[in-house]
Amino acid sequence: MDIQRAKEEIKRAVQAYLATDDIGRPLIPAVRQRPILLMGPPGVGKTQIMEQIAQECDIALVAYTITHHTRQSAVGLPFIRQRNYGGRDVSVTEYTMSEIIASVYDCMRTTGKTQGILFLDEINCVSETLSPAMLLFLQYKVFGGHQIPEGWVVVTAGNPPRFNKSVREFDAATRDRLKVIEVEPSYEAWKAYALEHGVSRSVISYLDIRPEDFYKVETTVDGLTVVTPRAWEDLSEILQYHEELGLAVGEELTTQYLQNKQVARDFAIYYCLLYTSPS
């Protein structure tokens, strides 16, 4: 499905997970609230739709790229605590609160919102040392013995293996505990977003003519080429600054964002013709 349909599916899931009965009990028990796994290529707007969903549902959002975390920051640091078991004192290992879980509580305190989304990107690219803890989290929503607060929905995102060599496949038991939504690039879906958010008319009119240039992530004889919706949106922003300041726009600029030589060249030529031709 396209990113806008994925957004609506996730939004409905979040609303269902947060719905309660007359006495405040979740209509869907926490144990049945499967974490959502949004699978799609890089740059299609996975993070942006999470921000939109949180805003539209009037709930908080804590977002992390999980590959930026070590095991210690995600799980917490170990410390020794004395316990009494069967009348005998023993030393056991426990963990300080995970930085991720602590961020949820910090967000609740600063925003005053008790409900929210914990969004973890690149979930299937975690390091080998963090992988067991991540699988435990996806199954039980626990990091280092600390559970995410009630009223928070777990949404994760990952890239298919063809886009990232660091991807680790989930085993069947873990995947069977996830709500999986697969998304593919769609220019028509992105165009509606682009028009609403003021993306440059030069970008939109070019892609109307050449929609095949909207998304290209592939390995060619010239190496890896990367053109994504994120790249078009970032290029649009710098184009508008260049226009305001009267700065030139050429292939030297477009190749910094559109990392496909042919696409960057074609757009630079189109842009030049668009703004030098009589209107």
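I started at aspartate 266: leaving aside neighbours within four places in sequence, aspartate 266 is in contact with Tyr206 and Arg210. Contact here means heavy atoms within 4.5 Å. The model is predicted: local features need pLDDT of at least 70, side-chain atom pairs count only at pLDDT 80 or more, and totals for chains, interfaces and linings use all residues. Residues are numbered from 1 along each chain as its sequence is written, and side-chain values use heavy atoms, with hydrogens and water left out.

**Aspartate 266, continued**
I placed aspartate 266 in helix 11, residues 261–276. Helices (H or I, at least four residues) and strands (E, at least two) are DSSP runs, numbered from the N terminus. Is aspartate 266 buried or exposed? Aspartate 266 is buried, because its relative accessible area is 18%, and buried means under 20% (exposed is over 50%, partly exposed in between; 1.4 Å probe, protein chains only).

**Whole chain**
I noted 11 helices and 11 strands in the chain. The C-alpha trace spans about 90 × 45 × 35 Å along its principal axes. Of the 279 residues, 44% count as buried. I also looked at contacts between residues at least 6 apart in sequence: 70% of them join residues at least 24 apart.

**Strand 1**
Next I went to strand 1, residues 36–39. Ile36 and Leu38 point one way, Leu37 and Met39 the other, and all are buried. Which strands pair with strand 1? Strand 8 (residues 152–158) runs parallel to strand 1, joined by four bridges. Strand 9 (residues 179–182) also pairs with strand 1 in the parallel sense, over four bridges. Pairing requires at least two DSSP bridges between the strands.

**Helices 7 and 8**
I then took helix 7 (residues 187–196) and helix 8 (residues 201–209). They pack at an angle of about 160°, with their axes 11 Å apart. Axes are lines fitted to C-alpha atoms, for helices over the stretch in contact, and angles run from 0 to 180 degrees between N-to-C directions. The two helices are therefore roughly antiparallel, a label for angles over 145 degrees. Helix 7 contributes Tyr187, Trp190, Lys191, Ala194 and Leu195 to the contact; helix 8 contributes Val203, Ile204, Leu207 and Asp208. I sorted these by class: seven nonpolar, no polar and two charged. Ala, Val, Leu, Ile, Met, Phe, Trp, Tyr, Cys and Pro count as nonpolar, Asp, Glu, Lys and Arg as charged, and the others, Gly among them, as polar.

Terms used: Angles under 35 degrees count as roughly parallel, over 145 as roughly antiparallel, 65 to 115 as roughly perpendicular and the rest as oblique.
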